[in-house]
2 protein chains.
Amino acid sequence: MKAEVIAVGSELLTPTHIDTNSLFITERLNQLGIELQGKSVAADDRTALRTIVTDALRRSDLLILTGGLGPTDDDLTRDVVSDLINAPLEYHAEIFEAIEKRFASRGLKVPEINRRQAMVPRGAAILANPNGTAPGLWIEHDAKRILLLPGPPRELKPMLERVIEERLASVAGATRLFRRVLRITGQSESSVEEKMQPLYARWLCAPVRIVTTILASLGQIELHLTAAAETSDEGIRALDAAVEEVKHALGRDLFSVNGQTMQEVVGDLCRAGSLRISAAESCTGGLVMTRLTEVPGSSDYVDRGVVVYSNQSKTELLGVPADLISAHGAVSEPVAEAMASRMAEIAGTDLSVGITGIAGPTGGTPEKPVGTVMIAAAWRRDGKPETRVRTFRFVGGREMIRFQASQAALDMLRRWILEAAP
Amino acid sequence: MKAEVIAVGSELLTPTHIDTNSLFITERLNQLGIELQGKSVAADDRTALRTIVTDALRRSDLLILTGGLGPTDDDLTRDVVSDLINAPLEYHAEIFEAIEKRFASRGLKVPEINRRQAMVPRGAAILANPNGTAPGLWIEHDAKRILLLPGPPRELKPMLERVIEERLASVAGATRLFRRVLRITGQSESSVEEKMQPLYARWLCAPVRIVTTILASLGQIELHLTAAAETSDEGIRALDAAVEEVKHALGRDLFSVNGQTMQEVVGDLCRAGSLRISAAESCTGGLVMTRLTEVPGSSDYVDRGVVVYSNQSKTELLGVPADLISAHGAVSEPVAEAMASRMAEIAGTDLSVGITGIAGPTGGTPEKPVGTVMIAAAWRRDGKPETRVRTFRFVGGREMIRFQASQAALDMLRRWILEAAP
């Protein structure tokens with residue numbers, strides 16, 4: 001079944017509003033095995049809306065329209081659909097009575113314009129709206145199904161749930177979709193793609209077909225695996241097997257096999273190994289700590305952090321020798337190492353990271369251009385901290401350089417913990 | 001001119017991803033006076049993409065496609081468009097050489113599949129991509145204009161800017177749109193709405209018409225003012241006058257009159273007053289420092305910060321007396337005050353904040369439910385720090401509680417600096 005969602009509303013075509021109803025609708029449709037082949041936003045304009053709905057209706061079997069069911073002049077969804085399918089609008093007194101009652105319960109008189117919400121294309125089924133005035137509409141026309149839902153999420157959601165249960169579940173195929181999000185670091189998109197190519201091809205022909213999407217951003221690559229199966233047992237088993245193959249192909253560069261973020265993965269490793277963690281940050285300005293503490297329950301393994309932005313603070317808070325800074329510069333491997341190992345000692349934690357670099361846009365030099373970041377990890381075992389340090393050259397703007405640096409720091413810890421695991 | 005944007009990518013049809021590029025594109029088109037009549041998302045599927053592009057091309061004069069220009073098999077935008085307009089793909093050696101150079105500069109060999117990115121529909125103009133491998137493409141076909149842009153924002157944005165300047169500005173109409181984003185804190189949406197209502201009405205009838213949108217989220221309210229004018233002088237003058245009226249209506253709760261974030265506003269105030277700043281954070285886990293240091297040049301006024309997640313770290317790093325913690329609890333006004341004033345003293349900065357609270361989802365008690373956050377600000381003048389402290393009860397999940405706490409902390413500093421200003 002080919003499905004499309006159309007969100008109706010001129011405000012959704014401005015730079016400040018975005019249609020999010022379709023995310024919820026997609027999630028619920030996917031669970032029934034119905035995939036969207038497209039979605040769109042249409043202005044509150046009769047001609048524009050009509051052409052967009054006409055085109056979508058030609059190419060899809062199920063069309064869900066959200067919004068444009070209000071009582072005002074620019075609520076056009078009912079009119080346009082009625083016109084398109086040649087089903088004249090008919091007045092339903094019982095709808096208007098329900099609206100009247102709704103107003104009356106708040107001591108208000110219903111405005112005349114709300115009568116428009118009682119107009120229904122001939123043959124449409126009326127979907128009651130316990131949370132608002134506009135009823136939903138379910139229309140079957142020429143083997144196509146058209147669902148009209150109100151825009152406000154609290155009106156739309158319960159109505160969609162009922163439609164799924166009463167009308168869509170039975171017409172959806174037996175096949176449902178199961179999804180797994182995998183995340184990778186330390187490789188380029190094309191290198192991942194090359195290694196994955198043979199797997200993609202095989203999965204597409206497997207008894208439980210798996211479709212893959214690759215998504216690259218600075219600092220991580222995502223693989224989305226979608227399996228179509230008749231039972232959740234089958235779907236999950238196929239995805240588990242596929243994940244094993246990806247693990248084999250990509251090794252430790254694959255850091256997340258079920259949507260976990262890097263900070264969740266590092267957190268889980270710390271908890272499992274009873275490791276406590278701290279961080280000393282300069283150019284990332286607290287981003288590593290912010291990410292680590294984003295995770296609920298992170299106080300189990302996060303102890304403390306310092307943001308040593310000024311050189312003086314590096315010396316005063318961490319005891320990084322001023323000599324070391326003047327000899328090598330604040331952005332240098334020895335300083336990153338000193339930050340990480342001193343932080344681990346001061347905090348008394350097992351693990352720590354030290355990050356110093358040039359996030360830009362200014363401050364770069366020919367030897368240390370913007371994007372140069374030195375990252376050290378420290379692990380205190382038997383007293384003295386052991387350190388590892390690397391120099392990175394990140395691309396992108398300030399925000400992306402900081403994100404990549406925080407990602408690389410967490411990733412250094414992750415790889416080290418995995419190596420050390422028995 | 002009727003314009004549409006099509007975002008290409010199956011991931012944008014899943015419940016986990018949303019197209020945000022179109023917001024930026026809309027903003028820039030609006031500034032030229034070009035409004036969207038619709039926008040859509042298409043799957044990485046040849047048939048689905050083809051029908052969606054065909055339909056959009058029939059109803060619009062300007063079509064902007066984003067994404068699907070990568071090197072992999074599911075990057076289909078080039079192919080589909082070339083096919084639709086009957087312009088066969090031709091190999092451009094100079095594009096591949098630029099890609100090769102890009103890889104070589106990082107010591108990498110370019111994979112064979114990247115050759116696909118050097119294929120260009122006959123007659124298309126090539127738009128160089130300094131930030132990635134995929135060039136953009138500009139196509140004029142049957143009085144229609146088609147613009148193909150890469151999906152990653154950092155590649156798309158500068159390319160769009162150049163296209164606007166070199167190709168779109170000249171074809172757009174005379175009226176342009178000018179927009180101003182205002183931000184407000186410390187008031188509810190309905191209270192802002194009530195105070196603004198008389199202004200809205202007047203602006204709609206003014207010679208230069210101004211349309212307002214209100215957008216509420218936890219921690220701040222945004223007002224978007226859009227003026228339609230033929231010259232930027234006219235547009236800007238009308239917006240300046242409108243902003244003055246809002247200032248008068250909302251007073252100091254209006255913190256940003258031109259899109260600045262709270263951290264930029266606080267940063268500007270620090271720079272103007274030669275004030276240095278530090279922060280001691282517990283439940284926000286470094287978010288205040290992360291936000292402050294997000295701003296380029298923030299090293300001018302940000303000195304250092306500590307994230308004292310464990311109780312022990314509050315005592316060891318800041319010298320908050322263990323007695324004080326055991327007497328009042330770590331989440332208490334006296335501890336917040338001690339954190340702020342000790343931090344200011346240790347760092348030797350003028351200003352500091354101390355934040356301690358319960359971000360949840362667990363850890364709440366009947367007296368201190370999840371969302372309880374104590375925030376103190378400290379100002380060192382003539383030696384000893386003076387402090388102010390407040391208890392907040394934020395609603396929402398962990399992420400939103402942390403954001404609101406960081407926002408409130410920065411806002412306390414902002415209001416204090418403004419009060420103290422001569």
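This is a predicted model: local features need pLDDT of at least 70, side-chain atom pairs count only at pLDDT 80 or more; totals for chains, interfaces and linings use all residues.
Me: How do you know that the length of helix α7 of chain B agrees with its residue count?
Reply: The helix runs over residues 232-250, which is 19 residues. At 1.5 Å a residue it should span 27 Å. The end C-alpha atoms are 26 Å apart, so the two values agree.

Me: What makes residues of α7(B) count as buried, and which ones are they?
Reply: The cut-off is under 20% relative accessible area. Gly235(B), Ala238(B), Leu239(B), Ala242(B), Val243(B), Val246(B) and Leu250(B) are buried.

Me: Why are the buried residues of α7(B) said to line one face?
Reply: Seen down the helix axis, they fall within an arc of 140°, so they line one face. The general rule is that an α-helix has 3.6 residues a turn, so residues three or four places apart point the same way.

Me: What does the face turned away from the buried side carry?
Reply: Asp233(B), Arg237(B) and His248(B). They are called exposed because exposed means over 50% relative accessible area.

Me: What covers the buried residues of α7(B)?
Reply: The cover includes β9, α6, β10, β11 and β12 of chain B.

Me: How much space lies in the second largest pocket, and which residues are closest to its centre?
Reply: About 1200 Å³. Of its 43 lining residues, the closest to the centre are Glu35(A), Val211(A), Ser10(B), Asp44(B) and Asp45(B).

Me: How does the lining of that pocket divide?
Reply: Into 17 nonpolar, 15 polar and eleven charged residues.

Terms used:
Residues are numbered from 1 along each chain as its sequence is written. Chains are lettered from A and ligands numbered from 1 in the order in which they are written. Side-chain values use heavy atoms; hydrogens and water are left out. Helices (H or I, at least four residues) and strands (E, at least two) are DSSP runs, numbered from the N terminus. The expected span of a helix is 1.5 Å times one less than its number of residues. Buried means under 20% relative accessible area, exposed over 50%, partly exposed in between (1.4 Å probe, protein chains only). The arc is that of the directions from the helix axis to the C-beta atoms. Contact means heavy atoms within 4.5 Å. On a 1 Å grid over the protein atoms alone, a cavity is a set of points where a 1.4 Å probe fits but cannot get out, and a pocket is an open set with protein on both sides within 12 Å along at least five of seven lines; lining residues have an atom within 4 Å of a point. Grid points are joined across faces, edges and corners, and a volume is the space filled by probe spheres set on the points. Ala, Val, Leu, Ile, Met, Phe, Trp, Tyr, Cys and Pro count as nonpolar, Asp, Glu, Lys and Arg as charged, and the others, Gly among them, as polar.
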